[in-house]
Amino acid sequence: MKKLLLLLVFAFSYTLSAQTQDDITVIQNLYGHSKAEIINEVMQLTEPKLSLFDKIYKDYETERTNLGVKKLQIIENYGANYLQLTDEKADELATAALKNNLEYEKLYTKTYKKAKKVIGAKDAAKFIQLEVYFQTAIRAEIQDTIPFIDELNKTRKI
């Protein structure tokens, strides 16, 4: 499972340098497919729970993918403005990132409530635990990839 997670993190980190919406879509589709296999392996749901959960999962993935695209747009905006970052732009980016994080949390809550009704609280909690694990790994990879504000300015000679 760790090898698959590393593959997922690598695929997602590749999107940080993706320049077109098509590149982002392809990578996220790959991520979603691989992730679905991992989720099936960990969740080990059987019929009829498997069929009931499948629709909830597909709806979740659609919304998560949209949030991922927004996150990548924020990161790309940060990269495009990094060297001339103003207080106003920093505020805009920080506000957008915080809003994106809250939208992920709302999605977890909504999905948990739906899943709990059809697969039970324990399996729904397992799914959310797995999703938070994925997103934490992705956030860590992003943090390791992008420089902190003014970090590059300290290494540049003026």
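Me: Is Asn100 buried or exposed?
Reply: In this predicted model, Asn100 has its place in helix H4. Its relative accessible area is 4%. Buried means under 20%, so Asn100 counts as buried.

Me: Which residues is Asn100 in contact with, leaving aside its neighbours within four places in sequence?
Reply: Asn100 belongs to helix H4. With neighbours within four places in sequence left aside, the contacts of Asn100 are Leu67, Lys70, Lys71 and Ile74.

Me: Are H4 and H5 roughly parallel or roughly antiparallel?
Reply: The axes of helix H4 (residues 87-119) and helix H5 (residues 121-145) come within 7 Å. They cross at roughly 155°. Angles over 145 degrees count as roughly antiparallel, which makes H4 and H5 roughly antiparallel.

Me: How do the residues of the contact of H4 with H5 divide into nonpolar, polar and charged?
Reply: H4 contributes residues including Tyr104, Tyr108 and Lys116, and H5 contributes residues including Phe127, Glu131 and Arg139. The division is 11 nonpolar, three polar and four charged.

Me: Is the pair of Tyr60 and Phe127 stacked or edge-to-face?
Reply: Tyr60 lies in helix H3 (residues 49-81) and Phe127 in helix H5, 67 residues apart. Both Tyr60 and Phe127 are buried. Their ring centres are 5.3 Å apart with the planes at 85°. Planes over 60 degrees apart count as edge-to-face, so the pair of Tyr60 and Phe127 is edge-to-face.

Me: Which residues form one aromatic cluster with Tyr60 and Phe127?
Reply: The count of aromatic pairs comes to six. Tyr60 and Phe127 share one aromatic cluster with Phe53 and Tyr57.

Methods: Residues numbered from 1 in each chain as written. Predicted model: local features only at pLDDT ≥ 70, side-chain atom pairs only at ≥ 80, totals over all residues. Heavy atoms only, no water. Axes fitted to C-alpha atoms, helices over the stretch in contact; angles between N-to-C directions. Helix = DSSP H or I, 4+ residues; strand = E, 2+ residues; numbered from the N terminus. Parallel < 35°, antiparallel > 145°, perpendicular 65-115°, else oblique. Contact = heavy atoms within 4.5 Å. Nonpolar A, V, L, I, M, F, W, Y, C, P; charged D, E, K, R; others polar. Buried < 20%, exposed > 50% of the residue type's maximum accessible area, 1.4 Å probe, protein only. Phe/Tyr/Trp six-rings, centres within 6.5 Å; stacked < 30°, edge-to-face > 60°.
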